[in-house]
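Reader: I would like to learn how to read the features of a model such as this one, and I would be glad if each general idea came before the particular case.

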Amino acid sequence: MTRECAALLPGVCAALAEPRQPGLDDTCLEKLLDWFRSLTWFDPTAELVQDNPCLTELITAVLALPDASPSILSFTLQLAGILASSESRFQHLQQEKLLGRLFGREGPRGGAAWEDASVRSAWLKGVHSMLHHQPALPFLCSTGGMDVIFTLQGDPSLFVASAASQLLVHMLTFSLESETPKALSTKDCDWPACAQMIVKHIQESLQSSSASHTEQSLKLLSSLFGSCFGSCYAAWTEVLWLDIAKQIESFLLEETVQAQPLLANLLLNVARSPVFCGTEGSFWALVTSALEHLTPVQAGPLAVGLLKLCKCPQDVRIQALTVLLQPMDCILRAASQPLECAGLLDESVSDPGTVESLLSSKTTCAGLLCQTLAHLEKLLSLKHLRVDLPCVSLLRSLMTILQFCNGFLSPTSPLGSTISRNLINCFRVQKSALDVLAALSEEKDCDTLIGNLFDVLLAYLQSPNTNPTVLKKTFQATSKWLVRLHELSCSNSQGQQTEKILEDVFVVLQKRLCSPCWEVRDSSLEFLTAMVKCLRDQKEFRQCLLSSEVLRLTENLLEDPESYVRASAVTAVGHLALMTCFAPESPVTGHQYNKESIVAKLQEILSTDSEGFPRRAVISIFTKWLREGCTGQREDTEQFVSRVIQTVERDLDWEVRLGGLELVEVFCSQSISQLSQCPYAPVSSAVTSSTPQNELLQAFCQAKLFGFLFGSLCDCDKPVGQRACDVLVGLRGHFYPMSTLENPREIEDSPAGRGIAWLQRTLRQGSLAHNFPTDGGDGVDFQDPESMMLALGAIDLLELHDELNKSSDHVEESPQSLLQDILATVGTIEDNEVDCY
């Protein structure tokens, strides 16, 4: 603690203990606690409380108040716990007889203040902070604290109940740190005293007739096995499991027990423990029993969690997959009768009637399918799935679901008819099914169904009843399967099928680009952009695109009344230009899509559009064109970049200005690689006109880069200044080896040097330097290569870099400032208006 803070602290403590003072803002109190945590973290000695008696005086004063406010009492409980986090300070506070009055029987837990949830929560936090040394455990046990924590597990406040559960996990783990079990048997293994109390409480609660007590213990066990306890205390984990396994098994068999939904999470957390790596043992038999007895909704999360475990036995893994596939199998079997194709499963894990019943009910059908589909999407995203998915049957089931949802399939079986009625126009099932459908495009076994699949997708794209969000998902799935179709046509000469599908897609796309719904127009443009990115080199795609009206319609949407659509149109036009007017051998000669027209339109949007989204899209596209070398010869590129940054530097949207800096960075990088013979060659400040380095510097000056870059250092939006500084530091690293930087004092005598000195002073003002002059004001010529060479060498860009990367509150967040703020607030009647970082 600094001398200044130590001088301010007594006044702050006196103010906090004064009952007539208005309550301080909770933010101030939290920041004060943060400061004490940092003070005690690195120093376990008792000096903090010995050298600052005002802290113990504060605790004593608050305890003496007949009706302390909940916020001050909560602060005091947490402060005491933080101070007692080391054994030496704990003993000091014990000698002062303060801890018993705060956390013992005579403390606030018996008074009216206890009714406030914030006080109960602070009591738990204080105890949690204190429990970092062994003497704290017997203190808590001897003062009845354990019973309080057990009670708070069922607190009506979820925050308090959660904190109590976390505290018990911490206590059990902490009490075992210095213990080693003598044997892996409940008969021979003695738990430490505190741990024994917790384990006994768990066992009694599990056997209790109170459903809430049972639920609390199951949640506690789940948290315990899910924490470091399950992985770091393998022997104790097995001892605890042996204590409770029979009771957990009984819950599975008693189908009416309300605790069943919690069992899946508990078993999954236990399964993650290294104790149960082996394939033998009763635990996996219990997991198998859970997969059989839990409802499909309860078993789903357990099944997908088991499939992610690398150590799960193969028979259990197969059973878990079967649980997930049961609803999909039921859908496939219900679609037609007699069955035209095989289902997904040869046999079920649990009674198929349960799944059929859930799918037959309007209230549970969609929920079960959405959960199942979400789990399947997770599995398909895994790189190494240790069980084979029946992808063809799964794809067939997905298509059936989608046809049920849009009413395009009329099943003959009674079950199928019921499911179809339940799913008609069910948007959330459609979205989930389309997500899984998109993920399946990565699988190589589904090629035989690709024609049928596109029939389903096109039906959704064409239907006027397709919800806009579902349509967006359909577009996303279609673009992925078009890529798969392209791969197939390259390998097995299926060009005719590909061409027909693409023609159908473009007919639909033309219609959707003219939709009165802006979300549909927006999704259509995003779909077009995705197709161009993946398929622009494909012959059939180019032909279908150029023979359609899509190019014209897309360009028209640059003037759409909705800004999101204009932004998507800019992105689509930019990518289309890469395969049309910017292509080396453009197939669009004579088409209205020409380079000059497109560039002019996008530059007009950049300079005149009233919304930020389209302007951001333009600068992003311009940067992409520059990266791909589409802006012409070097002189043309310089002019292009110069025009863009002169527009961008006046833009009010900081993301557009940031995009301009990215464009400059790409331009500099490309220019350096093109013009520099050796990027690390030293260059003196008096560069001769024949060197590539001077040519490079002249190119940057002609493009008016330096005015933009130095001006951006003073931007009021910090990310812009940071990016500009990064670019300038990179340029200085190119033009100057570290040993040849200019000496600022030596150059100040020249006119250019005086301008550079002024520039350095201006840059130090940062965003306070309003109306930064980029037109040569104050003797700085930003288009003069020699001046800019001096600026790069003399200005301390690294210092500016450090300043820009400091948090905006690096001064105000100091503890001294916090204490001053609190003292400044004391005595005011209005609400606290202090800007407490």
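Author: Helices (H or I, at least four residues) and strands (E, at least two) are DSSP runs, numbered from the N terminus. The place of N52 can be given in these terms, in the loop between α3 (47–51) and α4 (54–64). This is a predicted model, in which local features need pLDDT of at least 70 and side-chain atom pairs count only at pLDDT 80 or more, whereas totals for chains, interfaces and linings use all residues. Residues are numbered from 1 along each chain as its sequence is written, and side-chain values use heavy atoms, with hydrogens and water left out.

Reader: Is N52 buried or exposed, and with which residues is N52 in contact once its neighbours within four places in sequence are left aside?

Author: Buried means under 20% relative accessible area, exposed over 50%, and partly exposed in between, with a 1.4 Å probe and protein chains only. N52 counts as buried because its relative accessibility is 9%. Contact means heavy atoms within 4.5 Å, and, with neighbours within four places in sequence set aside, N52 is in contact with M1, A6, L9 and E47.

Reader: How many helices and strands does the chain have, and what percentage of its residues are buried?

Author: There are 43 helices and 0 strands in the chain, and buried residues make up 53% of its 837 residues. Among the contacts with a separation of 6 or more, 71% are accounted for by residues 24 or more positions apart.

Reader: Which residues of α23 are buried, and against which helices do they pack?

Author: The buried residues of α23 are G416, T418, I419, S420, N422 and L423, and they pack against α19, α20 (352–360), α21 (365–381), α22 (391–406) and α24. In helix α19 one finds A334, which counts as buried because its relative accessibility is 3%. Apart from neighbours within four places in sequence, A334 is in contact with P411, S413, L415, G416 and I419. In helix α24 one finds L440, which counts as buried because its relative accessibility is 0%; beyond its neighbours within four places in sequence, L440 is in contact with L380, C391, L394, L395, L398, C446 and W481. The C-alpha atoms of L440 and V392 are 9.4 Å apart, although 48 residues separate the two along the chain.

Reader: What is a nonpolar core, and which residues of the largest one touch the most other members?

Author: In soluble globular proteins, nonpolar side chains tend to be buried together. A nonpolar core is a set of buried Ala, Val, Leu, Ile, Met, Phe, Trp, Tyr and Cys residues joined through side-chain atoms within 4.5 Å. The largest one here holds 274 residues, of which M171, W241, L306, W625, F706 and F710 touch the most other members. Helix α19 (residues 314–335) gives the most to this core, with 11 residues. Domain bounds come from an automatic or database domain assignment; because domain 1 (468–584 + 591–630) and domain 2 (633–674 + 692–738 + 747–772 + 779–824) both give residues to this core, it lies between them.

Reader: How is the packing of two helices described, and at what angle do α36 and α41 cross?

Author: Axes are lines fitted to C-alpha atoms, for helices over the stretch in contact, and angles run from 0 to 180 degrees between N-to-C directions. The axes of α36 (residues 692–702) and α41 (residues 785–794) come within 9 Å and cross at roughly 100°. Angles under 35 degrees count as roughly parallel, over 145 as roughly antiparallel, 65 to 115 as roughly perpendicular and the rest as oblique, and α36 and α41 are therefore roughly perpendicular to each other. In this pair, N694, L697, Q698 and C701 of α36 meet P785, M788 and M789 of α41.
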